[in-house]
Amino acid sequence: MERLASRILGIAVMLAAGAAVVIAMDWPFKAKLFPIAIGVPVFCMAAAEVVWGLLRPDARVGAMDFRLSEHLPGKVAARRAWIAIGWMLGFLAGIVLVGFPIAVPLVVFLYAKLQGREPWGLSLGLAFGVWGVFYGVFDRLLHLPFPAGWIQSWIGLA
Amino acid sequence: MIEALFEGLLLVLQWKAFAFMLLGVVLGFWVGLLPGLGGVTTLALMLPFIYAMTPIEGFAFLLGMHSVVATTGDITSVLFGIPGEGTTAATILDGHSMAKKGEAGRALGAALASSLVGALVGAIALAVAIPVVRPLVLSFGSPELFMVAIVGIAFIASLSAQGGRGMLRGFLAGGLGLMVATVGQDPQAGIARYTFDSLYLWSGLDLVPILIGIFAIPEVIDLVLRGTSIAGDVPKGRLNQGALEGVRDTFRHFGLTLRCSLIGTFIGIMPGLGGAVAQWLAYGHAAQSARTAEERAGFGKGDVRGVLGPGAANNSKEGGALIPTVAFGVPGSSSMAILLGGFFLLGLVPGPDMLTTHLTVTFSMVWTIVLANIITVVACFLFLNHLARLTVVRGALLIPVILVLVFVGSYTANNNYGDLLLMLFFGAVGYLMVAGGWPRAPFVLGLVLGKIVENNLYISVARYEAEWLTRPIVLVLAALAVAVMFYPLLQARRSAARGG
Amino acid sequence: MRHTLALGAALLGLAVVPLTGAAQSPHFEGKTVTIVVGFKAGGGYDRTARILARHLPKYLPGRPNVIVQNMPGANSITAANHVYAVAKPDGLTIGTFNRNLVLAQLTNVPGVKFDMTKFAWIGSAASETTILAIRSDLPYQSFDELRKSGKPVVIGATGPGANTYDFPLLLREFLGVNFKIVSGYSSSADIMLAIERKEADARAGSFTSLRPFIDRDLVRPVVRARASEPGIEQLPVDENLAPTPRARAIMALRSAPEVVGRPYVMTPGTPDAILKLVREAFAAALKDPELAAEAKKAKMELEYTSGEETLKILTEVLSQPKDIVEEFSKYIKFGE
């Protein structure tokens with residue numbers, strides 16, 4: 001996993017740095033100096049990392065950072081990771097479709113009920129509690145703007 | 001001056017001012033705790049309410065609120081891995097790792113105790129520095145600020161894993177951070193850099209959604225993966241020994257805590273460096289205190305020193321930031337900019353007068369910081385162990401709440417949906433970095449230092465041409481940068497010599 | 001018979017009451033008016049909006065709740081676009097944004113989706129003129145002296161698009177003053193520190209933001225742009241010193257939006273009757289003694305400029321001849 005992720009990152013950074021330098025070429029001197037001065041070494045370092053990874057595929061370097069849990073078998077880990085990503089994207093979709101005020105309690109309830117298989121009472125209670133704090137603080141107290149979702153606009157509520 | 005010191009204390013202890021301070025503390029507690037309730041924004045929202053207060057009351061309220069935000073922001077960082085404030089992200093690395101090992105209580109105790117030490121040091125520095133603060137701030141011009149930023153970049157070496165490849169990845173991450181910082185309009189030629197004609201990218205990328213994405217998202221994914229509570233399968237008994245142990249840690253490593261407080265105060269005094277820098281430099285310094293290679297590798301995985309350093313620096317920098325605000329009318333941080341507005345509302349003119357004729361008011365501010373922090377820390381300790389229990393709540397209940405905090409926190413930075421996409425994008429980047437063994441701390445450091453490095457370099461060259469390179473403080477800082485850069489090599493050699 | 005009469009009278013009464021009721025029922029009653037600010041909380045535009053938000057309800061029929069929402073992004077282009085096209089023209093959304101947006105429209109900045117002249121203009125809450133202030137210990141007592149000396153003066157600036165940069169730029173280009181513009185300071189407050197350090201000698205900026213430093217005697221104003229404010233009337237005006245009509249036109253173009261220092265608009269298509277109510281409320285609120293006291297404390301000078309006048313100024317800006325606009329764009333970019 002470390003090998004694959006590092007390779008993906010390395011290649012992505014090479015592409016990004018390369019593109020950044022090329023785009024910067026057309027700018028006036030003062031605007032392009034810094035991006036190019038950083039972009040070129042970053043490109044080289046990324047290339048070095050990718051090459052190193054190809055030459056020493058079994059090295060485990062680690063970082064001063066936390067490590068993802070490794071005790072799970074690969075397939076299970078991958079499936080759960082996709083589930084997590086799915087929920088996040090789903091929440092995003094919910095926010096866009098029905099707006100924050102509805103998406104917030106909805107995602108809490110659905111996750112607790114569907115993913116966690118928690119009992120009805122707990123799921124509903126948690127959703128209501130979270131919604132209460134969210135609504136009370138962010139909407140009533142601070143008047144933060146939460147745009148209406150697309151669905152509300154389509155059916156003409158907003 | 002001593003009379004002013006005591007008079008300042010008496011002013012704060014008047015019951016009305018004290019009550020307002022308590023109110024501010026209560027507000028600040030929640031502001032720091034909830035990601036998305038930015039300290040700066042809330043201060044701005046509170047400004048109108050101080051119209052009716054006298055200067056002392058108004059300051060007790062504003063400062064009471066403000067002093068507390070960094071402390072409680074650490075709580076969210078430790079418990080959930082979400083930065084409660086942009087300035088408490090560094091605490092996540094070790095603080096949240098400790099929570100995952102079942103040591104949430106200890107991490108919280110350490111964060112709170114070090115915050116208190118930091119606040120006290122910052123306040124003392126404010127009081128003590130008053131005679132020398134003007135020449136001190138005036139001697140740090142753009143060339144010196146540039147060099148301080150370079151020293152910061154040199155810290156990347158201390159934030160990377162040992163060995164050639166570790167350093168390579170560290171500097172890669174740092175360089176990436178520097179590049180991301182260039183997005184937006186440049187202040188030399190006015191070119192819109194890397195904006196691809198998007199209005200959203202035109203003002204540059206906001207730090208808060210990036211921090212939330214890069215730190216919180218990988219933690220959430222990992223939590224789903226594990227399928228357990230945050231503390232995992234750690235036996236419950238261990239949690240409760242926590243908080244006091246954390247306090248003991250603070251004193252066990254008192255030298256480190258003190259040094260990081262001083263780093264924070266110094267960064268706070270220098271206007272133009274920004275609030276997010278101090279925590280990372282302190283973290284880097286804490287990593288330098290590791291004596292063996294294994295110890296060093298343990299950072300980021302639950303070393304209490306990784307909590308002490310940023311915890312102290314965060315609070316001390318606010319005391320430091322008060323100095324240029326009060327003495328020059330130049331805000332040392334964005335929250336100070338709001339406080340400056342408060343100054344005017346309350347009829348005070350920041351400047352040399354605040355250090356002479358209005359010295360009592362200045363001291364009352366110092367006391368407010370001290371008292372607000374003491375009260376907060378004591379109050380938090382009362383239910384720290386209860387807070388720590390959140391880490392054994394089932395993942396399925398906690399994860400959706402964390403997700404809500406993450407999304408709301410990213411959105412309220414600018415009330416823009418684009419920030420949600422930004423957060424998710426860097427969430428993906430963060431996840432790949434964690435999976436691929438690339439350190440995230442250098443990335444954030446590069447991101448917060450990018451503009452400072454570029455702009456101060458241009459100003460220095462434009463103003464002084466080549467002679468800025470020979471200014472005495474610049475040379476000292478350059479030497480410091482070299483030392484910081486090569487310190488990890490020294491560390492590695494020393495630990496190899498010890499056979500470690 | 002008596003019953004029929006009574007019934008008839010009652011019915012008549014019932015018929016009349018709703019009619020008069022409808023004529024008197026205020027549009028804003030029970031509603032919330034939102035002021036959308038194109039900047040983050042704490043800045044000048046935001047604070048002005050919040051002061052207004054506190055005192056407007058008294059003057060709007062129905063005493064609605066007035067709240068402020070921040071929509072920062074692209075230097076307030078995002079907020080302007082929102083108020084222009086997304087908000088409903090029902091009088092419940094008011095927008096305030098960067099006074100220089102008209103210049104953004106003029107120079108075809110990509111992403112601009114509004115036409116300044118089509119907004120329902122409420123007016124401006126203040127005029128914010130730009131001045132240049134030099135450090136007090138410099139030997140030049142007047143702008144003329146400074147010009148004649150020929151020695152370089154270091155001007156600290158934040159970046160193109162800000163008045164810290166644009167104002168001295170034009171002075172240098174057209175009047176030939178020896179300014180060395182050093183750009184890249186992170187905020188105008190940092191420039192003040194640089195001035196104290198003697199790293200910079202001067203700074204251009206709004207009179208409002210420079211006033212605390214003038215009062216403290218750190219800097220001294222020497223030249224101003226066309227809009228006058230109490231305290232700086234006697235300063236020379238940059239346009240008046242321009243050597244050619246074209247130079248004068250370009251300087252005037254830069255300064256024109258400053259009279260509309262704090263612009264307030266509503267969505268295009270807002271009914272005239274509502275616009276009138278809001279304009280009157282604004283004018284009255286800005287004369288309110290409590291508001292004036294608060295503004296004074298906050299060191300803000302608030303004054304109403306009517307919607308018609310602001311529209312006139314903006315139309316004039318947008319109808320400048322192409323060649324002037326082209327040359328203007330060479331010097332002035334829209335930005336932070």
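The legends below describe close-up views of a predicted model.

**View 1. The contact between chain B and chain C.** In this predicted model, 45 residues of chain B and 48 residues of chain C take part in the contact. The two chains bury about 3800 Å² between them, with 57% of that area on carbon and sulfur atoms. Y51(B), L199(B) and R463(B) together supply 17% of the area that chain B buries against chain C, which is more than any other three residues supply.

**View 2. Polar contacts and the side of chain B that touches chain C.** Between chain B and chain C, 15 residue pairs are in polar contact, both partners being at pLDDT 80 or more. Several helices of chain B each supply at least two residues to the side that touches chain C, among them helix 3 (39-46), helix 8 (142-154) and helix 18 (334-345). Helix 23 of chain B gives the most to this side, with five residues. By class, the side of chain B that touches chain C holds 26 nonpolar, 13 polar and six charged residues.

View 3. E465(B) sits in the loop between helix 23 (441-464) and helix 24 (472-497) of chain B, and its phi is near 50°, a positive value in a residue other than glycine. E465(B) counts as exposed because its relative accessibility is 53%, with the cut-off for exposed being over 50%. Three salt bridges are found across the interface of chain B and chain C; E465(B) forms a salt bridge with K180(C), in which the closest N and O atoms are 3.5 Å apart.

**View 4. A74(C) in a loop of chain C.** A74(C) lies in the loop between strand 2 (65-70) and helix 3 (77-86) of chain C, and has a positive phi of about 50° although it is not a glycine. A74(C) is buried, its relative accessible area being 0%.

Terms used: Residues are numbered from 1 along each chain as its sequence is written. Chains are lettered from A and ligands numbered from 1 in the order in which they are written. This is a predicted model: local features need pLDDT of at least 70, side-chain atom pairs count only at pLDDT 80 or more; totals for chains, interfaces and linings use all residues. Side-chain values use heavy atoms; hydrogens and water are left out. Helices (H or I, at least four residues) and strands (E, at least two) are DSSP runs, numbered from the N terminus. Buried means under 20% relative accessible area, exposed over 50%, partly exposed in between (1.4 Å probe, protein chains only). Contact means heavy atoms within 4.5 Å. Buried area is the accessible area (1.4 Å probe) that two parts lose on being put together, summed over both. A salt bridge is a side-chain nitrogen of Lys or Arg within 4 Å of a carboxyl oxygen of Asp or Glu. A polar contact is a pair of N or O atoms within 3.5 Å; within protein, one must be able to donate a hydrogen and the other to accept it, and residues adjacent in sequence count only if both atoms are side-chain atoms. Ala, Val, Leu, Ile, Met, Phe, Trp, Tyr, Cys and Pro count as nonpolar, Asp, Glu, Lys and Arg as charged, and the others, Gly among them, as polar.
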